[in-house]
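Please open the model in your viewer and keep the selection panel at hand. The stops below are meant to be followed in order, each with something to select and something to look for.

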Amino acid sequence: MARNKEALVLVLDVGPSMHSVLPEIEKVCSLMIQKKLVFSRYDEVGFVLFGSADTKNELTEEVGGYEHVTVLRNIKVVDEDLVDALQSLPRGSVPGDFLDAIVVGMDMLIKKFGQTNKGKKRLCLITNAVSPIKDPFEGTKEDQVNTIATQMAAQSMKMDCIIVRMKQDWETNRRVMEENDFLMSVFSNKSSSKVVYVESPTSLLGALRTRNILPVTIYRGDFEISAQLKIKVWVYKKTSEEKFPILKKYSDKAHPTDKFATHEIKVDYEYQSIEDPNKVVPPDQRIKGFQYGPQVVPISSAELEAVKFKPEKSVKLLGFTDATNIMRHYYLKDVNSFIGEPGNKKAILALSALARTMKEMNKVAIVRCVWRQGQGNVVVGALTPNVSDKDNTPDSFYFNVLPFAEDVREFQFPSFSNLPSSMQPNEKQQEAADKLVQMLDLAPPGKQEVLPPDFTPNPVLERYYRYLDLKSKHPDAAVPPLDETLRKITEPDVELLFRNKSIIEEFRRSFELKDNPKMKKSARRMKERPSGSDEEREEFDKDADAKAIDSMEYSSKTKVEKVGDVNPVEDFEEMLSRRDDPKWINKAIHDMKNRIFDLVENSYEGDTFHKALECLVVLRKGCILEQEPKQFNDFLCHLSKFCQEKDLRSFCQYLTSNDITLITKAEAPDSEIPEHEARSFMVKPELDSQNMKPEAKVENDIMSIYLGGK
Amino acid sequence: MSMELDPDEVFGDEEDDPETEFFKEREATKELLVYLVDASPKMFSTTCPSDDEKTATHFQVAINSIAQSLKSQIINRSYDEVSICFFNTREKKNLQDLSGIYVFNVPEREDLDRPTARLIKEFDLIEERFAKDIGSKYGIVPGSRENSLYNALWVAQALLRKGSAKTADKRILLFTNEDDPFGNLKGVVKVDMMRTTLQRAKDAQDLGIAIELLPLSQPDDEFNVSLFYADLLGLEGDDLAQFKALVGERFEDLKDQLRKRIFKKRRVRRLRLVIFNGLSIELNTYALIRPTNPGRITWLDSMTNLPLKIERSFICADTAAIIQEPPKRFQSYKNENIMFSVAELSEVKRVSTGHLRLLGFKPLTCLKDYHNLKPATFVFPSDEEVIGGTCLFVALHRSMVRLKRFAVAFYGSSSHPQLVALVAQEEIMTSSGQVEPPGMHLIYLPYSDDIRPIEELHTDPNSVPHATDDQIKKASALVKRIDLKDFSVCQFANPALQRHYAVLQALALDEDEMPEIKDETLPDEEGMARPGIVKALEEFKLSVYGENYEEEDSNIEGKVEPTRKRKANAMKEYGNYDWADLADNGKLKDLTVVELKYYLGAHNLPVTGKKEVLISRILTHMDSLGASSYGWHPCIEIFAQCP
């Protein structure tokens, strides 16, 4: 275990321009520490902030300078305090100097480890690098970075830099950014540093390697081009699924006071004779049987060993073929990397020559692999070139396993051109499809690809580890909903749909889907349901029933003086009907507004929306009755804006789908809202007031698209 | 709620998710299949080109296709039941005692039953024995009321009476090269016989039996399905056109074509692709490519060879009490046991609906070669529930092919929610038929958590060598020389699997000799020795390694030396101990680990592990030596002979 022990210094920019992404940084950094607590408990972590108002580091005491760099924690073994500290990062107030922070981080590693711990010292820098670094006392900034990078390489430290550049950053100081980007590239060329740029919170979560797995080779040896030419290669796993953790089964049988109880459950298998279930057959009297048709053929382990297919450990070239012969869907398993033996210049060169020529000629190599001696099968697969565009990275190959004849089922399907004409798209439909495929673009030119596998975290694992931490603090906590950032992975991007709404509408219009009258159940299945909404709906109904009963028992024994949490609708109506003092009307409207806000704000996966809607409906009715349309209209606009800002857009959708509108002139003469603007409360937050009206209408339309064009 | 959840499904290791899906589906729907093979003299007199440039009769082609499908069926779908029935035969053998019909079978097997090793073996020999035992004879001749085709359908239908149509797919596969079976009859007789035959076929179809025709034709005499069989199969309009397109004119590799059509495609599951909210289409998924593994292992009692029942029980590690109810799970975290209920864990995994949700499109270049984890799943549209879905799918498919883009979607399965790429595949046809069906392949994408930064590990601040233009040129000459033309992905049989099943077959039939299996995956050494290739190889070698390639090679060998030395030492020291005596008197434990390793080294056994492991390894080895010399298991000797 200790062999993989890693020393890491997190260097985080908390300057003002970083505040908007700090929530994601808190999530990803604390997740990394959580995983360390589970998988590598002996790793050591230090933690440096820059862009903070304070200054606290040894260098500033020793040599001066290095302001606004705060060492929040010296390098020590991971613990739970660190998780908590990372979950609530302080917000800084000055633009940070990342180079100062890097030097402080390096200094910490050097002081703690010196020359030891080679290759396991890592800095992890997260910044947007939009603030200039200070000019050095002598030489240029580039010289300075060069010196630091050289020192980093000499100390065999690695550095991962994640540069977070959201949209708004692009408009700020371009010159500074370009300079910083250049300096970063010096790091990546001169030392073992990796620099990645991310443009979305989702990518930020995926960009930081939260679990440090030391890759091991699955094969080291010859890649035999022929009997005469053998190239030394190392083969690694390039992809390997990070599984959902396998949890232990819990036993509560141990006495509650038993402090040493493991609570584990052992699984025991008994092999019983069919004739006599009480007779347990010991291992040496068991023999393996293999199914062959209806027969089961017994073969003892010794026999099996004797007849088994036993190829020699080797990797042999069978030949080259056109890449078009190997279709993508034939790739069968996870992927390996073939890389020249480190330090063996000739082997690296030989692979480089083959990779480059194969890329040029669009060829793949077919190879036969037996990774280990004693492996009972061979693997045939394709090598595809992975040509590096960086001087300090060798050319390599990806290896994908291909199927054998037995693995392929050649089912026949009708040609599309032979399908009946009713199933053939017409010109207009084809055009709509073309536009959709073109415009619903996740890799727009000049921008970063959306959801690239390399930067997309597994939402289930993210959710699991966050829940694990939550449960460690609140054992009875329910599973929190998937947060907005992770939801970007599982659901289409609202922004993207919005931008292409006319294309989407056109597509919808072009393809008319009809239930097949022969299939009855289809009608129900056709309806698109958001996750678990059926259950939730039932919950609502139950809730409503319970409320109804409540309210009957409640019936105005005393005069209502405020709109309460339990029966806001009844309270509100009760108060409005009080004619003893006109102040009750204003108080009722005021209280009701607050209730609605509370309900919406505290909603969990929309569980209170239904109730909020009920309140809103009576409020609207009340405001019309009492001739207070402005109160309601202002409130609705305010609420809508609030929801946009707080990422509660789903509530706005919910309102639209339930036809909640502003009170119009037709309904209440005091209203200033003409009929056609009844829905104009749906305002996108980023739009300024002058183009608010036309856009508001557009927003309204797009809403109807999400809601199934009703 | 928690009662409905199978805890194993939620917690289990779902490594073989696609496979288990595939196998589960197999057992749910069993197939009952009758091969109805025309054995008329015309089947023997008509020939067509075959694999090895020789010609084969239509009869041979049909027989070979069936033999091949039986072999793959016994491995992949051994629960399916088959029957082989010839019509237009001289001899008769069928329960109805109808003439011209011969149901082929072997002992210990019903006429319609799962394929057995013996059936496969004897069917392989049928050609030699056919003329003697069964014989070929026209069954429909003028002047006789006999109708062999009618009889054949009757017998096949009777065979398929077994099992209910709900739990089993029933099919008749008809192999014939006669497109006009009643062509030599005239007048009322002809009309009458055609009518009764069609009625017989319709009766069968009404009972849920599908009749499929595998016509054999030849270049100058194409099988004309319109003459008679279109009526029998009930083909009209689009269906007829489609059938003709599928079988028409592709006689070059008849066997290949038949093989593809023998297997009925089976849907794995139905998926809903949500394009936008409120707009979704129905897709069927198929497992076209799945690794085949040696079948499941059943533990047997070595005394009786009867299967054993495996009883699983949960035992509390603290109190040894047996636990019944599905327990909670826990993970150690921050020195505490954090508990989870089954429902909570499944809720964690439920990050989306169970559907496939379209997220957008990307150019194909974004799909890298390392974006892969497991076999792809094929999807094909269905209009079964919602009409119009196929049209929408076809439109998207065409756009994606033309614009070279793939769709990204989120597949919200309950056990394995995942991002997937949908890659449109155009239909590819060759002379032997459809090679790639039109549709989309669903490729499971890795997350960043699943991708390892291998290249980064090998970065070197002092820059690493990259090939020069000359080296690339030499490599290019080499690549051109060693070109596998017409390479097809599935051209190799899996040698390990072939070997495994050959051994099983031999053992099942009590054969003495172990069959030889050719390993098709070995490189073509003869080809590589051709002067052109050798020259290109030498030039490439010279350009990269210079003159001293051999030297470096021997350098590497030097590293191996220590093991060899150790081995020699072990051999020397081994003789100094009386191992049998030490073992008998339990004195092995008194030796040091170094000493124990002398034994292991001398016998080429692994030397890793703790002392107890080493001792038990030595004892096991001694046992096996002793045992085999007594010959307690005669099979060992047989196996020892085979390479």
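Begin with the aromatic rings: a search of the whole structure finds 41 aromatic pairs over all chains, where rings of Phe, Tyr and Trp (its six-membered ring) pair if their centres lie within 6.5 Å, planes under 30 degrees apart counting as stacked, over 60 as edge-to-face and the rest as tilted. This is a predicted model, in which local features need pLDDT of at least 70 and side-chain atom pairs count only at pLDDT 80 or more, while totals for chains, interfaces and linings use all residues. Residues are numbered from 1 along each chain as its sequence is written, chains are lettered from A and ligands numbered from 1 in the order in which they are written, and side-chain values use heavy atoms, with hydrogens and water left out.

**Aromatic contacts between the chains**

Select Phe413(A) and Tyr286(B), an edge-to-face pair with 4.8 Å from centre to centre and 75° between the planes. The pair crosses between chains, from the loop between β17 (396–401) and α10 (427–439) of chain A, which holds Phe413(A), to strand β9 (residues 279–286) of chain B, which holds Tyr286(B); helices (H or I, at least four residues) and strands (E, at least two) are DSSP runs, numbered from the N terminus. Phe413(A) counts as buried at 2% relative accessibility, and Tyr286(B) counts as buried at 7%, the term buried meaning under 20% relative accessible area, with exposed over 50% and partly exposed in between (1.4 Å probe, protein chains only).

Next select Phe416(A) and Phe393(B), which form an edge-to-face pair at 6.3 Å centre to centre with 80° between the planes. Phe416(A) lies in the loop between β17 and α10 of chain A and Phe393(B) in helix α13 (residues 389–403) of chain B, so this pair joins two chains; both Phe416(A) and Phe393(B) are buried.

A further selection, Phe39(A), Phe244(A), Tyr464(A), Tyr465(A), Tyr467(A) and Phe340(B), shows one aromatic cluster.

**Charges over rings**

Show Arg286(A), which lies over the face of Trp299(B) at 5.3 Å from the ring centre; a charge sits over a ring if NZ of Lys or CZ of Arg is within 6 Å of the ring centre and within 35 degrees of the ring normal. In chain B, the charged end of Arg114(B) sits over the ring of Tyr79(B), 4.7 Å from its centre.

**The nonpolar cores**

Which residues touch the most other members of the largest nonpolar core? Among its 181 residues they are Leu354(A), Phe507(A) and Leu396(B), a nonpolar core being a set of buried Ala, Val, Leu, Ile, Met, Phe, Trp, Tyr and Cys residues joined through side-chain atoms within 4.5 Å. Helix α1 (residues 22–39) of chain A supplies the largest share of this core, nine residues.

Centre the view on Phe507(A): leaving aside residues up to four places away in sequence, Phe507(A) touches Ala432(A), Ala433(A), Leu436(A), Ile275(B), Phe276(B), Leu279(B), Leu392(B) and Leu396(B), contact meaning heavy atoms within 4.5 Å. A second, separate core of 47 residues includes Phe290(A), Val61(B), Val82(B) and Phe123(B).

**The sheet of chain A**

Colour the six strands of chain A that form an open sheet in the order β3-β2-β1-β4-β5-β6, with mixed pairing; two strands pair if DSSP finds at least two bridges between them. At its edges are β3 (69–77) and β6 (192–198) of chain A, each pairing on one side only. Seven bridges join the parallel strands β1 (residues 7–13) and β2 (residues 44–50) of chain A, and within β2(A) the bridge partner of Leu8(A) is Val45(A).

**Strands of chain B**

Turn to the five strands of chain B in the order β5-β4-β1-β6-β7, an open sheet with mixed pairing. Here β5 (101–104) and β7 (209–215) of chain B stand at the edges with a single partner strand each, so one side of each is left without a neighbour in the sheet. Strand β4 (residues 81–87) of chain B pairs with β5(B) in the antiparallel sense over four bridges, and Phe86(B) has Tyr102(B) in β5(B) as its bridge partner.

Finish at strand β22 (residues 439–444) of chain B, where six of its six residues are buried. Six bridges join β22(B) to the antiparallel strand β19 (residues 418–425) of chain B, with Ala421(B) bridged to Ile443(B) in β22(B).
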